[in-house]
Amino acid sequence: MGWNSLALTHSFMARHVRPGAFCIDATAGRGRDTVLLARLAGPAGRVLALDIQEEAVEATRALVRQEGLEDRVEVLQMGHQHLDRCAAPGTADCIVFNLGWLPGADHRVFTAAGTTLPALEKALEILKPGGVLSLCIYYGKENGYEERDAVLRWLRGLDPRVWNVLRIDFPNRENDPPIPVFLLKE
């Protein structure tokens, strides 16, 4: 396994998502995490994938269809800050966020702290005890550092009696390497 954000995130999900799980991909993008979650959750599982961009929703639906996983995945065009409209508190086993921009799309369209922080707050409520949250922070370029800094401040404020938080940095990599973050709800 290479040590990059994607490999670490997928390894984390594979370790924690079990057959029958209810998972949420809060930023579906091109659907790769959605498909992985659907495979891990198995036929008895359920995956909800959200994205605000129509291009992302269509790409995710196409990949889900191509992989034959339509029976366990629902894809909605919706901003992640509205997670609570589709999932009740204490119901999700795993929630995944990839912050930044849609791969291969316009980099001037990206997530922002104003919607991400409320989405993360709602995600914490939606996770069941023992549930996990995977968060990969892509930053720099057009979207700058505002969202990264706000999310990292927010993480430091989480109650350590309830949340185990692991943040991984790549200090010897150039430019702005993504920051994978993993949360486990006690």
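1. Is G130 buried, partly exposed or exposed? G130, which lies in strand β5 (residues 127-137), counts as partly exposed because its relative accessibility is 48%, where buried means under 20% relative accessible area, exposed means over 50%, and partly exposed covers what falls in between (1.4 Å probe, protein chains only). Strands here are DSSP runs of E with at least two residues, and helices are runs of H or I with at least four, both numbered from the N terminus. From G130 to E147, 17 residues apart in sequence, the C-alpha to C-alpha distance is 27 Å.

2. On the basis of the model: this is a predicted model, in which local features need pLDDT of at least 70 and side-chain atom pairs count only at pLDDT 80 or more, while totals for chains, interfaces and linings use all residues. Residues are numbered from 1 along each chain as its sequence is written, and side-chain values use heavy atoms, with hydrogens and water left out.

3. The sheet is open and has seven strands in the order β3-β2-β1-β4-β5-β7-β6, with mixed pairing; two strands are taken to pair if DSSP finds at least two bridges between them. At the edges stand β3 (73-77) and β6 (163-167), and since each has a single partner strand, one side of each is left without a neighbour in the sheet. From one strand to the next the twist averages 15°, the axes being lines fitted to C-alpha atoms (for helices over the stretch in contact) and the angles running from 0 to 180 degrees between N-to-C directions.

4. Strand β1 (residues 22-25) is covered on both faces, with F22 and I24 buried on one side and C23 and D25 buried on the other. Its pairing with strand β2 (residues 46-51) is in the parallel sense and runs over four bridges; within β2, C23 has V47 as its bridge partner, and I24 has L48. Strand β2 is itself largely enclosed by the rest of the structure, because five of its six residues are buried.

5. The loop between β6 and β7 contains N175, whose phi is near 65°, a positive value in a residue other than glycine. N175 counts as exposed because its relative accessibility is 72%, and a colleague may wish to look at this residue in the model above.

6. On the cysteines: the structure holds zero disulfides, a disulfide being a pair of cysteine sulfur atoms within 2.5 Å. C86 is in no disulfide, and the nearest cysteine sulfur, that of C23, is 14 Å away. C94 is likewise in no disulfide, and for C94 the nearest cysteine sulfur, again that of C23, is 4.9 Å away. C94 counts as buried because its relative accessibility is 1%.

7. The largest pocket holds about 610 Å³ of space. On a 1 Å grid over the protein atoms alone, a pocket is an open set of points where a 1.4 Å probe fits, with protein on both sides within 12 Å along at least five of seven lines, whereas a cavity is a set from which the probe cannot get out; lining residues have an atom within 4 Å of a point. Grid points are joined across faces, edges and corners, and the volume is the space filled by probe spheres set on the points. Of the 31 residues that line this pocket, T27, G29, N98, W101 and P103 are the closest to its centre. The elements that give two or more residues to the lining are α1 (5-16), α2 (32-41) and β4 (92-99), and α1 gives the most, with four residues. By class the lining has 13 nonpolar, 14 polar and four charged residues, where Ala, Val, Leu, Ile, Met, Phe, Trp, Tyr, Cys and Pro count as nonpolar, Asp, Glu, Lys and Arg as charged, and the others, Gly among them, as polar.

8. D149, in helix α5 (residues 146-156), is partly exposed because its relative accessible area is 29%, and its C-alpha atom is separated by 10.0 Å from that of I137, 12 residues apart along the chain. K122, in helix α4 (residues 113-126), is partly exposed with a relative accessible area of 24%, and K122 and P160, which are 38 residues apart in sequence, are 18 Å apart in space, C-alpha to C-alpha.
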